[in-house]
Amino acid sequence: MKSLRTIALKEAQTREIPEVKAPSSKISEFYGSNVFDKKKMKEYLSKDVFEKLISSINQGELINHDDANQIAAAMKSWAMSKGATHYTHWFQPLTGTTAEKHDSFFEPSGDGAIEKFAGSALVQQEPDASSFPNGGIRNTFEARGYTAWDPSSPAFIMENPAGKTLCIPTVFVAYTGEALDYKAPLLKALSAIDKAAVEVCQYFDKAVSKVNASLGIEQEYFLVDLALFNARPDLVLTGRALFGHMSAKGQQLEDHYFGSIPERVFAYMVDFENEAIKLGIPLKTRHNEVAPSQFECAPIYEEINLAIDHNQLLMDVMEKVARRHNFKVLLHEKPYAGINGSGKHNNWSLITDTGKNLLAPGKTPKNNLMFLTFFVNTIKAVHEHADLLRASIASVSNDHRLGANEAPPAIISIFLGQQLDEILDEIEHSRLSKKLKEDNSLWLGIPKIPQILLDNTDRNRTSPFAFTGNKFELRAVGSTANSSAPMTVLNAIVADQLTKFKVDVDKLIKKGDKKDVALMTVLKRYIKESKAIRFEGNGYSDEWAQEAEKRGLSNIKTTPKALDAYVSEKTTELFAKTNVFSKRELHARHEILLENFYKKLQIEARVFGDVTNSQIIPAVIAYQNTLIENAKGLKELGLSKETLATPLAIIDKISNHLSIVKTSVDTMLEDRKEVNKIEDTREKAIGYDEKVKSHFDTIRYHVDKLEQIVDDSVWPLPKFRELLFLK
Ligand code: ADP
Ligand code: MG
């Protein structure tokens with residue numbers, strides 16, 4: 001019988017590239033065609049309801065029952081005109097994926113049937129909350145939860161070959177009010193930053209009445225042929241290759257990055273981009289990434305809530321479209337040991353309703369002071385809550401990246417680029433002289449920020465949080481993550497910091513300082529206080545780990561311990577003040593994240609056991625038997641000891657590796673049984689990390705050695721060179 005690997009290899013080599021047809025040769029003509037956007041709202045709604053909906057989107061005003069009915073009817077008409085038969089509330093539970101529960105518009109009525117969609121069904125639904133992670137909220141409260149419409153993210157139509165569905169973005173909360181998803185806390189954090197930033201803006205510009213956080217998400221991913229993927233149970237069940245000796249050629253020639261995109265991949269990219277464009281996702285960039293078979297796409301930045309909905313949707317679309325091309329898209333942070341992993345860079349800034357980017361250095365001194373205010377407060381916030389930011393990006397899969405000498409380290413630090421770093425130093429050491437204060441010629445005391453800055457910002461790929469000209473880029477986010485987790489934290493900590501800043505400045509003004517003097521005095525103090533978080537050097541180096549320790553910065557390498565920051569007193573207080581999470585919600589989330597961590601390790605451990613016992617060991621023994629036959633034969637022929645030495649040495653080598661593999665798998669199983677007895681979730685997660693995961697490297701090392709010895713034609717799993725170099 002032919003092995004699955006052999007069949008898969010043959011299939012992968014004879015792929016036809018499917019034809020990809022765009023709805024039009026001009027992207028602008030189908031951009032957003034599947035979105036119930038403002039233009040369509042205007043067309044389908046009465047003027048009065050349209051205006052109310054817009055003000056609800058902009059100011060968060062509630063929509064009354066009658067208006068909801070009209071909006072639902074309008075959505076239904078539009079969706080049906082596009083061929084949709086069903087609708088669903090679309091939400092982001094803490095499982096990490098998106099969730100849908102479809103209902104038909106169809107309803108029997110009298111003798112016939114009609115298509116119906118009531119305002120009440122638009123506004124609220126009740127999926128069974130008990131089937132989603134709730135971190136103990138279920139035990140204390142009723143299991144019931146509901147989804148509620150988020151008008152600030154437009155409804156859209158999801159197309160499947162078998163049918164179309166109207167999707168309504170919603171939040172998901174327990175009946176008792178606790179958030180059970182990613183979106184609800186994000187919206188609260190965005191409201192906190194809006195309020196705090198608008199207040200601080202008043203020092204500079206009274207016209208500002210709203211501040212939106214904006215986000216551009218770069219998404220890295222790997223592609224692998226579907227047949228080869230299916231021949232690897234580890235990839236199928238865990239998203240990463242648990243075994244596999246590194247291919248002789250990896251990324252050492254650096255010939256993939258920005259190289260020409262393979263034709264088969266190009267067709268796939270264009271195909272999923274077309275689908276994304278129809279959904280209003282403004283994809284702009286596509287290119288190869290560093291590792292073989294690794295790629296990246298990035299949209300133009302948008303308001304944060306929308307950017308995150310779009311990223312979640314994009315990941316979904318990428319997976320669906322991949323099937324048409326016989327690809328599997330791997331979003332895992334580290335599918336292949338030995339080559340680069342994938343991240344999701346989060347480019348973040350704050351933009352006012354007057355169109356000003358608060359993180360863009362200005363041309364005039366006054367604008368520069370405004371820039372410095374938001375810039376320095378962000379630095380201060382990250383310094384203050386570095387551990388929480390670290391917690392927000394922690395996951396079992398991101399543990400493979402952070403601190404593994406290729407992605408940003410687990411130490412949170414900020415890179416500013418030489419010019420800005422020097423400017424902050426200059427301010428720190430400047431003296432706000434008495435004369436300056438009296439003259440009100442303080443503007444002269446503010447260092448000029450050269451205009452070339454924007455094009456000239458240094459690129460430091462080793463920093464987890466870097467300033468890149470007019471935005472901060474959080475690079476430590478994992479490729480599978482829902483960006484809401486880190487973005488909820490970032491916006492909440494900056495909101496809290498801006499609120500404190502206002503208090504500090506107002507105090508000085510009250511004491512008689514001129515406004516600008518007060519602003520500068522506080523900024524100067526913040527620069528000094530937050531200095532430890534700034535680092536311009538190589539984040540991958542060992543020296544940095546030592547230096548960071550001296551500076552008192554944390555370096556928490558594993559998730560279960562990193563997550564402690566979610567339930568610290570400092571965090572609880574922060575989220576209570578910003579009204580983002582209650583203490584109960586934080587504890588529930590903490591529990592869910594820990595559970596997720598150890599369950600994923602549990603699955604990996606099982607796959608390690610299954611694949612070694614049922615695939616690797618039998619293949620190795622079969623090969624070993626042929627060697628034994630060979631040795632026997634040579635002996636029968638009466639050949640010399642020296643001649644016999646070669647097969648015997650190979651047999652011996654194989655036996656050694658085999659016995660280590662077998663004992664390690666058995667010991668891992670015993671250790672797992674012990675760890676499973678632990679009741680406390682945090683202890684259990686640590687147990688999995690330290691007692692179960694610790695066997696993985698040993699098992700893998702010896703299996704990978706065997707892969708190099710055993711006859712290629714009997715090895716059961718597609719090898720790295722076959723997975724990584726797409727035809
Ligand atoms: P790179 O970081 O690879 O050089 P770019 O700087 O062009 O790439 O942008 C990366 C992402 O940052 C894109 O999604 C882009 O739209 C986004 N971006 C650019 N300006 C801002 C901003 N002011 N706020 C948020 N995101 C931004
Ligand atoms: Mg970038």
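This report covers a helix pair, a nonpolar core and several loop residues in a predicted model.

## Packing of α8 against α18

Helix α8 spans residues 183-201 and helix α18 spans residues 484-510. Their axes come within 8 Å and cross at roughly 25°. Angles under 35 degrees count as roughly parallel, and α8 and α18 are therefore roughly parallel to each other. The crossing of α8 past α18 is left-handed.

On the α8 side, the contact is made by Lys183, Pro185, Leu186, Ala189, Leu190, Ala192, Ile193, Ala196, Ala197, Glu199 and Val200. Their counterparts in α18 are Ser484, Met487, Thr488, Asn491, Ala492, Val494, Ala495, Leu498, Thr499, Phe501 and Lys502. By class, the contact of α8 with α18 has 15 nonpolar, 4 polar and 3 charged residues.

## Nonpolar core

The largest nonpolar core has 199 residues, of which Met75 and Ile193 touch the most other members. Helix α23 gives this core its largest share, 14 residues. In soluble globular proteins, nonpolar side chains tend to be buried together.

Ile193 is also among the α8 residues that meet α18. Met75, leaving aside its neighbours within four places in sequence, is in contact with Phe36, Phe117, Leu122, Ala155 and Leu166.

## Asparagines with positive phi

Most residues other than glycine have a negative phi. Asn326 has a positive phi of about 55°, and the phi of Asn579 is also positive, near 60°.

Asn326 sits in the loop between α12 (304-324) and β13 (327-330). A residue needs 20 or more other C-beta atoms within 10 Å to be buried; Asn326 has 19 such neighbours inside 10 Å and so counts as partly exposed. Asn579 lies in the loop between α22 (569-578) and α23 (583-636). With 15 other C-beta atoms within 10 Å, Asn579 is partly exposed.

Tyr175 belongs to the loop that runs between β8 (163-174) and α8. Its count of other C-beta atoms within 10 Å is 14, so Tyr175 is partly exposed.

Tyr175 and Gly633 are separated by 458 residues in sequence. In space, the C-alpha atoms of Tyr175 and Gly633 are 75 Å apart.

How values were computed. Residues numbered from 1 in each chain as written. Chains lettered and ligands numbered in written order. Predicted model: local features only at pLDDT ≥ 70, side-chain atom pairs only at ≥ 80, totals over all residues. Helix = DSSP H or I, 4+ residues; strand = E, 2+ residues; numbered from the N terminus. Buried ≥ 20, exposed ≤ 12 C-beta atoms within 10 Å, placed from the backbone. Axes fitted to C-alpha atoms, helices over the stretch in contact; angles between N-to-C directions. Parallel < 35°, antiparallel > 145°, perpendicular 65-115°, else oblique. Left-handed = near helix turned anticlockwise from the far one by under 90°. Contact = placed C-beta atoms within 7 Å. Nonpolar A, V, L, I, M, F, W, Y, C, P; charged D, E, K, R; others polar. Core = buried A, V, L, I, M, F, W, Y, C linked by C-beta atoms within 7 Å.
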